[in-house]
Each structure stands twice: as C-alpha cells, then as structure tokens.
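Trainee: Could you walk me through how to read this model, beginning with the surroundings of the ligand?

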Amino acid sequence: MGHEMSSSGNSSTVPDSLISADDGRRYWSGIDADVNGMLGGYPGVSRIDLRTSGSFLAKLGLGRTKGQKNVKRAVEGGAGIGRITQGLLLEVAETVDVVEPIAKFTAALEGRPGVGRIYNVGLEEWRPEEGATYDLVWNQWCVGHLTDLQLAAYLRRCGAALSVGDDGKTKGVIVVKENLSTAGRDLFDELDSSVTRQDETFRQIFEKAGLSIVRTELQHGFPEDLYPVRMYALRPKKT
Ligand SMILES: C[S@@+](CC[C@H](N)C(=O)[O-])C[C@H]1O[C@@H](n2cnc3c(N)ncnc32)[C@H](O)[C@@H]1O
C-alpha cells in the first residue's frame with residue numbers, strides 16, 4: 001500500500017508512463033502472502049479499514065437485508081490474499097470472484113465457500129466472463145499498477161458488467177479505494193512500480209471511463225504517516 005513519499009522521474013515525465021507490469025509483478029512475487037505483506041508493514045490498519053468500508057457499502061444499500069446478503073455476485077480486483085474478500089465482501093455477497101496476478105496469493109482461496117472464479121491476471125488483462133453481471137466491483141490499493149489509459153479502459157469494462165435492476169437502471173456499483181497524492185502531482189513509486197494519483201487525476205480517469213461518482217468519502221483513523229485514502233463509488237453516467 002506504499003507510504004514512501006519518494007518518487008522518481010523529472011516533473012516533465014508523465015508518472016504513469018514509468019509503470020512496468022513486469023517490475024510490479026516481480027516486486028509482489030517477493031512479498032509474503034499475509035496481511036503484513038499486503039499492507040506494507042501496517043497490518044494494524046486492516047480492522048478499521050474493513051469497518052469503514054463496510055459502513056460505506058451500507059450507505060450504498062449493500063450489506064444485509066433482514067439478515068440476508070443482498071449482493072449476489074461481487075468481484076475483487078487486485079485482491080492479494082483476499083483480505084477484503086474474506087473480511088468484508090463475503091459478509092455481504094453470496095459469491096465473490098477474485099482477480100489477482102500473483103497466484104501464490106490466491107492459493108489459499110481455492111475452494112473456500114463463497115469464492116467463485118479466481119483469475120490470476122492483471123486488471124488490465126481481465127475481461128468479465130461473457131454474460132457475467134456484478135452487483136459490486138471492489139478495487140483497493142492496486143489500481144496504481146495500471147496506466148491511466150489501462151485504468152479508464154478497465155473501469156469502462158466493469159461499468160458494462162454491472163447488474164441492472166428491474167427498473168432498467170444500473171444497480172451494481174464499482175468502488176475504488178486508494179491512496180491519494182497530496183504533492184500536487186501524481187507520484188511514481190520505484191519500489192513496486194506503481195503510481196499514487198491525486199484526487200484530480202482519479203476524477204479525470206472516471207470521466208474518461210464514462211462513470212460518475214455516486215458517493216465518496218475519506219478514510220479516517222489511519223496513522224498520520226500514511227497517505228490519505230479515499231473511497232469512490234461509481235456508476236456509468238446516464239445517457
Ligand atoms: C497493496 S496489495 C493490496 C491487496 C488487497 N487489495 C488488499 O487491500 O489487501 C496490492 C495487490 O495488487 C496486486 N497487483 C499488482 N499488479 C496488479 C495488476 N496489474 N492488476 C491487479 N492487481 C495487481 C499485487 O499482486 C497485490 O496483491
């Protein structure tokens with residue numbers, strides 16, 4: 001989840017052009033398959049992270065209705081070991097598909113009740129199965145591995161795979177929960193070959209993906225040396 005404030009590339013370099021999928025995967029292949037590994041040495045934030053995310057989902061109407069899970073199918077992008085799938089998404093969803101390029105991270109999820117398909121590919125390569133519809137697409141601390149163009153294209157694909165209600169309106173929702181750069185520009189992190197974006201850049205990318213923000217909130221309660229973290233709930237724009 002990167003908290004280093006270091007960055008490289010001079011100010012005229014577009015930070016996301018420095019992203020290397022190979023370098024990113026090489027970095028993550030060397031990381032332990034545990035919560036400490038997933039959270040860059042801050043395993044203690046997981047509890048409050050999951051609690052805040054659960055409240056955010058509840059405000060979107062996603063959770064339990066009369067004790068019953070009201071999300072039929074969700075997918076977690078960049079799931080790692082399934083910290084969020086197991087700690088939150090399976091609480092609200094009957095089935096959770098998982099997208100994660102590093103197979104050793106998802107090995108322990110195979111055959112777990114409620115875990116659906118496991119796709120060991122990057123989000124830039126992932127395509128929802130023909131005819132699949134999702135009530136929820138959760139992406140956290142992973143989209144910095146995609147270039148701006150890849151991210152906009154991925155989000156557009158997700159938007160097209162959201163479930164539609166009986167009234168013909170999009171019912172499903174995409175959530176992006178990510179660190180924010182407050183340096184006045186996006187920052188490239190050499191360590192894991194990812195980009196930490198500014199709020200402004202995220203909004204431009206959502207716009208390019210044809211999505212509008214239906215709800216957004218800052219995470220509170222994290223240690224002060226971490227980047228601020230924002231949750232965005234997104235749906236395709238009405239045409
Ligand atoms: C900081 S961890 C976060 C894992 C999980 N989202 C969580 O919050 O616990 C980043 C994850 O992104 C994955 N990742 C790296 N490149 C990716 C890509 N191109 N597409 C999707 N996930 C990627 C890594 O393998 C790693 O599991």
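Mentor: Residues are numbered from 1 along each chain as its sequence is written. This is a predicted model, where local features need pLDDT of at least 70, side-chain atom pairs count only at pLDDT 80 or more, and totals for chains, interfaces and linings use all residues.

Trainee: Which residues come nearest to the ligand?

Mentor: A residue is near a molecule if its C-beta atom, placed from the backbone, lies within 6 Å of it. Here 22 residues are around the ligand, and G78, G80, G122, C142 and H145 come nearest.

Trainee: Which helix gives the largest share of that shell?

Mentor: Helices are DSSP runs of H or I with at least four residues, strands are runs of E with at least two, and both are numbered from the N terminus. The largest share, three residues, comes from α1, while α1 (21-29) and α4 (83-92) each supply at least two residues of the shell.

Trainee: What does K69 touch, leaving out residues up to four places away in sequence?

Mentor: Contact asks for C-beta atoms, placed from the backbone, within 7 Å. On that basis K69 touches R64, V92, A93 and E94; K69 and V92 are 23 residues apart in sequence, yet 4.8 Å apart in space, C-alpha to C-alpha.

Terms used
Two residues are in contact if their C-beta atoms, placed from the backbone, lie within 7 Å.
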